[in-house]
Amino acid sequence: MNNRFLFATAAAFAALAAPACAEKLSITVTHSLDAARPSETITVPWSEVNRVLPGALLQKIAVRDAAGKLLPYQVTNVAPQAKDPENRGIAYGDLIFQHDFKAGEKSATFTVEKTETVSPPFPSKVHARYVQERLDDFAWENDKVAHRTYGPALGAPAPAGGGKEVLVTSGNDIWFKRVPYPIVDRWYNKGHDHYHVDQGEGMDMYNVGRTLGAGGTGIWDGTKLAKANNYAKWKVLANGPVRAIFELSYDAFDAAGTKVSEVRRFTVDAGHWFDRIESTFTFTGPQQLNAVVGLNKTPSDKGQDPQIATDRVPADGSLRQWVTQKSNDAFGVAVVVPTAKDGASDQANDFVIAPVTSGKPLTYYVGAAWSRAGEIRTKEEWASQVALTAARAKSPVKVAVAVVK
């Protein structure tokens, strides 16, 4: 999953400061699950890379697994230390790469070394962008599934006599993919009437309306759900090849007399059915509020005669749907909220409830899969994927860095 790394001991860090002449470092990653962890995302602060490999540059390194295989990698600038006018390689955030842990494989070792030649960028499996040409949509995808949500232009009233679409919602949409390559740009290019029909790559068949859609949020007072309107601002922080990170900011809304604003940070990793989201609510007055993360009760297209099975698993904070349809096959949608305390619903949405404090992020996961894509075909397979996502969230990998002598 999108894992927080935990560096083993202070002793491991001490070794990082050792030789100024080191040309290679080793990274050992461990975890405690018996299950397989495909596309596990491994994140190492660049400050630690720089401490072992002084002067290492993002375009002149190689990351290899224990067998010597070259791995795709990414270096972010999400939290750079400083500008880098002396070209010392210090202005980066994190080094990111992935490994497929097989069932029972609980440890793996990697090396990072300097190279003399430039390492070209790897093909990207993730993508996030502002879609100005479609009424301020914001869209994102990986090699499994795509999503979008809606901006100010779509929420604005239509001019008199105009035919502009109007939709006010902070819910998330799903574009179901059948192919691993990027589709967002080409679907927007071919247009609305085409991407609502499966022409071989997938389709937009999910219904958001004014609901929470797939993993939207709000504040619950026990009887009424309050939620933001369309996002007001966007910011892309990283954009592949392994991970995309972006933020959407929402203007303040009224929640039973309390003004609440929200910033959602999305982390989208290659090879995952689920995105990690951190929602930070800001408010004054109450010490805590009850936030919700939910699913639209009626997510299917019209005319599909859907059969919708919804299950909540309190033990892991998950809420999942499996929707069978007349002609568009079946799909699953789910949220995983590790800190969830309860569940509830209103007329349009089912949701789980988690307490939030002003300024402190609520972390949760939102995912979807389509049976026609051929990887997850049944309700049982989707339930297993949701459970694995919850288990990975509760048991992040541990990362230790050392010098190769």
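**Exercise 1.** How many aromatic pairs does a search of the whole structure find?

*Solution.* The model is predicted: local features need pLDDT of at least 70, side-chain atom pairs count only at pLDDT 80 or more, and totals for chains, interfaces and linings use all residues. Residues are numbered from 1 along each chain as its sequence is written, and side-chain values use heavy atoms, without hydrogens and water.

Step 1. Rings of Phe, Tyr and Trp (its six-membered ring) pair if their centres lie within 6.5 Å; planes under 30 degrees apart are stacked, over 60 edge-to-face, the rest tilted.
Step 2. The search gives 18 aromatic pairs.

**Exercise 2.** Classify the pair Tyr-73 and Phe-122, and state which parts the pair ties together.

*Solution.* 
Step 1. The centres are 5.5 Å apart and the planes make 70°, an edge-to-face pair.
Step 2. Tyr-73 lies in strand β4 (residues 73-75) and Phe-122 in the loop between β6 (107-114) and β7, so parts 49 residues apart in sequence are tied together. Strands (E, at least two residues) and helices (H or I, at least four) are DSSP runs, numbered from the N terminus.
Step 3. Tyr-73 has a relative accessible area of 8% and is buried, while Phe-122, at 22%, is partly exposed. Buried means under 20%, exposed over 50%, partly exposed in between (1.4 Å probe, protein chains only).
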